[in-house]
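Reader: I am new to this structure. Where should I start, and how do I read each feature?

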Amino acid sequence: MSTAAAPIRHGVVLADLLPSSRVRDIALVAGGAVLTGIAAQISVPVPGSPVPVSGQTFAALLVGTALGARRGFLSLALYTVAGVAGMPWFAQATSGYGMPSFGYILGMLLAATVVGALARRGADRSMARTAATMALGSLIIYAVGVPYLALATGMTLSQAVAAGLTPFLLGDALKAALAMGLLPTAWKVLGRKG
């Protein structure tokens with residue numbers, strides 16, 4: 001009796017293992033937006049920064065990786081549009097686009113798309129590749145969020161880095177470690193059943 005996992009072909013993401021239908025895709029996109037909105041409510045203010053530590057970045061990267069680029073983008077686009085329209089599900093139950101942290105939300109939209117494309121190429125199948133994927137996703141979020149923070153608040157870029165990046169590095173490392181355990185394990189479990 002072999003205990004080897006059944007190989008799962010490349011070119012698929014975790015969501016593709018569910019039976020295919022338009023209803024499935026709509027439910028996944030809406031579910032990813034809701035998951036991100038719920039995770040955003042896990043939020044802790046950071047002294048000296050207008051940007052709180054929240055679960056929304058982890059959720060956005062997880063949604064992108066699990067759903068793939070297209071559905072990940074649509075899910076984060078739905079999250080963003082609903083939040084701008086008044087749904088209070090950005091961090092700390094906020095909404096709108098006038099807050100200094102809105103650039104991070106735009107970065108999450110882009111990051112979910114990129115990590116979703118990488119996941120389709122197998123970037124979520126091992127711990128090392130998952131760590132690299134999560135690091136790249138976080139880098140994309142900061143590449144958009146930190147300059148936006150500087151422009152929105154009048155901070156210099158170095159002040160924005162100190163307020164909008166440095167305090168979050170440890171938390172991002174913990175989120176990446178969690179993803180490193182979750183995603184490859186999900187593939188192993190589903191590979192044995194598939």
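Predicted model: local features only at pLDDT ≥ 70, side-chain atom pairs only at ≥ 80, totals over all residues.

Reader: How many residues does helix 5 have, and what span does helix 5 reach?

Author: Helix 5 covers residues 127–153, which is 27 residues. From first C-alpha to last, helix 5 reaches 37 Å. That is close to the 39 Å expected at 1.5 Å a residue.

Reader: What comes just after helix 5?

Author: G154 does, and G154 takes a positive phi of about 80°.

Reader: Now the whole chain. Which elements does the chain have, and how do they run?

Author: Count them, then read from the N terminus. The chain has seven helices and two strands. The order is α-β-β-α-α-α-α-α-α.

Reader: How does the radius of gyration of the chain agree with that of a compact globule?

Author: Compare the value with the one for a globule. A compact globule of 194 residues would have a radius of gyration near 16 Å. The chain has 17 Å, so the two agree. Along the principal axes, the C-alpha atoms fill a box of roughly 65 × 35 × 25 Å.

Reader: What share of the residues is buried?

Author: Of the 194 residues in the chain, 46% are buried. The chain exposes about 9,500 Å², and carbon and sulfur atoms supply 73% of that area.

Reader: What share of the contacts joins residues 24 or more positions apart?

Author: Take the contacts with a separation of 6 or more. Residues 24 or more positions apart account for 69% of them.

Reader: Is L67 buried or exposed?

Author: Use the cut-off: buried means under 20% relative accessible area. L67 has 7%, so L67 is buried. The place of L67 is in helix 2, residues 56–67.

Reader: Which residues does L67 touch, not counting those up to four places away in sequence?

Author: L67 touches V13, A15, L28, V29, G72, S75 and R120. Also look at A117. L67 and A117 are 50 residues apart in sequence, and their C-alpha atoms are 9.5 Å apart in space.

Reader: And where is L17 found?

Author: L17 is in the segment before helix 1 (22–40). With a relative accessible area of 37%, L17 is partly exposed. L17 and L169 are 152 residues apart in sequence and 33 Å apart in space, C-alpha to C-alpha.

Reader: Last, how far apart are the mean positions of the charges?

Author: The chain has 13 positive and 4 negative charges, and their mean positions are 6 Å apart.

Technical notes. Residues numbered from 1 in each chain as written. Heavy atoms only, no water. Helix = DSSP H or I, 4+ residues; strand = E, 2+ residues; numbered from the N terminus. Rg over C-alpha atoms; globule rule 2.2 N^0.38 Å. Buried < 20%, exposed > 50% of the residue type's maximum accessible area, 1.4 Å probe, protein only. Contact = heavy atoms within 4.5 Å. Areas by Shrake-Rupley, 256 points an atom, 1.4 Å probe, with all protein chains shown as cover. Lys, Arg positive; Asp, Glu negative; His and termini not counted. Charge placed at Lys NZ, Arg CZ, Asp CG, Glu CD. Expected span 1.5 Å × (residues − 1).
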